[in-house]
Each structure stands twice: as C-alpha cells, then as structure tokens.
Amino acid sequence: MMIEVVKSKIHRVCITSSNLDYMGSISIDPDLLEASNIIPGEKVQVLSALDGARLETYVIEGEKGSGEIIINGPAAWKIKEGAIVIIISYILINIDDAKNYQPKIIFPNEATNRLEF
C-alpha cells in the first residue's frame, strides 16, 4: 500500500513579492530549494500563517542567493506580499518505507528567507 507523507518543508518564510500577471507558480531561491530537497516543477502546498489560506501550485527557480519567495498568478490574490508562509511537498511512498522515512525540513530566518548556520 502507498501513502502520501511530507517530503520537504520550508517552515516560515516571507513572501517577498507577488506578480499577478504570471501564469502561476511560486518562485523560490534555489538555495532554499536545494536545502529542502524541492525541485523546479514540483507541486507544493503554500500555507499562510497570517490567515490560514492554503493553495497548491508548482515551483520555479528564483534568483540564487536572493531569499526571494514570489507568489505568481492568481495565487497572488490569495496570499499577499509580506505574508509568512509554510511551503510543503509530499511523496507517495510504500507504507513500510514510510515508517523510517525522514522528511527534509528547513527553518530559514523569516526576516531574510536565508538559512543561518
């Protein structure tokens, strides 16, 4: 049996910009993508910590090292610039493998959207 579990999570980052005139997606700094094991084109859920809004979209690469998280297209009506969000991706996995699976969860600085070590 296959089940869906959390694969990756970027916990509490700030939407740095919104672009209504785009077909859709969320642009994410490649440094955050690499650290969280999320790839361009992957479906993600975006959860607003401000008002509970939830949406699904796909990822595109933003500018490396910028800390940008840009909400694009119609989603920009739902989640605005300045909102703190959680970005989650999921994986279908065999239930036995899921028992030992560890998701990749990162906690960037929400003021800069950058990882601090």
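Is Lys 99 buried or exposed? At 64% relative accessibility, Lys 99 counts as exposed, where exposed denotes over 50% relative accessible area, buried under 20%, and partly exposed the range in between (1.4 Å probe, protein chains only).

This is a predicted model, in which local features need pLDDT of at least 70 and side-chain atom pairs count only at pLDDT 80 or more, while totals for chains, interfaces and linings use all residues. Residues are numbered from 1 along each chain as its sequence is written, and side-chain values use heavy atoms, with hydrogens and water left out.

**The sheet**

Eight strands form an open sheet in the order 2-6-3-5-4-7-1-8, and their pairing is mixed. Strands (E, at least two residues) and helices (H or I, at least four) are DSSP runs numbered from the N terminus, and two strands pair if DSSP finds at least two bridges between them. Strand 2 (17–19) and strand 8 (104–106) are the edge strands, each pairing on one side only.

Strand 7 (residues 84–94) pairs with strand 1 (residues 2–14) in the antiparallel sense over ten bridges. Within this pairing, Val 5 stands opposite Ile 91. Strand 7 is also joined to strand 4 (residues 43–48) by four bridges, again antiparallel, and Ile 86 is the bridge partner of Leu 47. Another antiparallel pair consists of strand 3 (residues 25–28) and strand 6 (residues 69–72), joined by four bridges; here Ile 28 stands opposite Ile 69.

**The nonpolar core**

In soluble globular proteins, nonpolar side chains tend to be buried together. A nonpolar core is defined as a set of buried Ala, Val, Leu, Ile, Met, Phe, Trp, Tyr and Cys residues joined through side-chain atoms within 4.5 Å. The largest such core has 23 residues, and Ile 26, Ile 28 and Ile 87 have the most contacts inside it. At least two residues of this core come from each of strand 1, strand 3, helix 1, strand 4, strand 5, strand 6, helix 2 (75–78) and strand 7. Helix 1 supplies the largest share, three residues.

**Salt bridges**

The whole structure contains five salt bridges, each being a side-chain nitrogen of Lys or Arg within 4 Å of a carboxyl oxygen of Asp or Glu. Among them are the following.

| Pair | Closest N and O atoms |
|---|---|
| Lys 7 and Glu 42 | 3.0 Å |
| Lys 43 and Glu 56 | 3.7 Å |
| Lys 99 and Asp 96 | 3.7 Å |

Lys 7 lies in strand 1 and Glu 42 in the loop between helix 1 (30–36) and strand 4, so this pair ties together parts that are 35 residues apart in sequence. Lys 7 counts as buried at 11% relative accessibility, and Glu 42 is buried at 13% relative accessible area. Lys 43 of strand 4 and Glu 56 of strand 5 (residues 54–61) tie together parts that are 13 residues apart in sequence. Lys 43 is exposed, with a relative accessible area of 52%.

**A nonpolar surface patch**

Tyr 22, Met 23 and Tyr 58 make a nonpolar surface patch of about 360 Å². Patches are made of residues with over 30% relative accessible area and no salt bridge; nonpolar side chains (Val, Leu, Ile, Met, Phe, Trp, Tyr) are joined within 5 Å, and like charges within 9 Å. Accessible areas come from the Shrake-Rupley method with a 1.4 Å probe. Tyr 22 lies in the loop between strand 2 and strand 3 and is partly exposed, with a relative accessible area of 35%.
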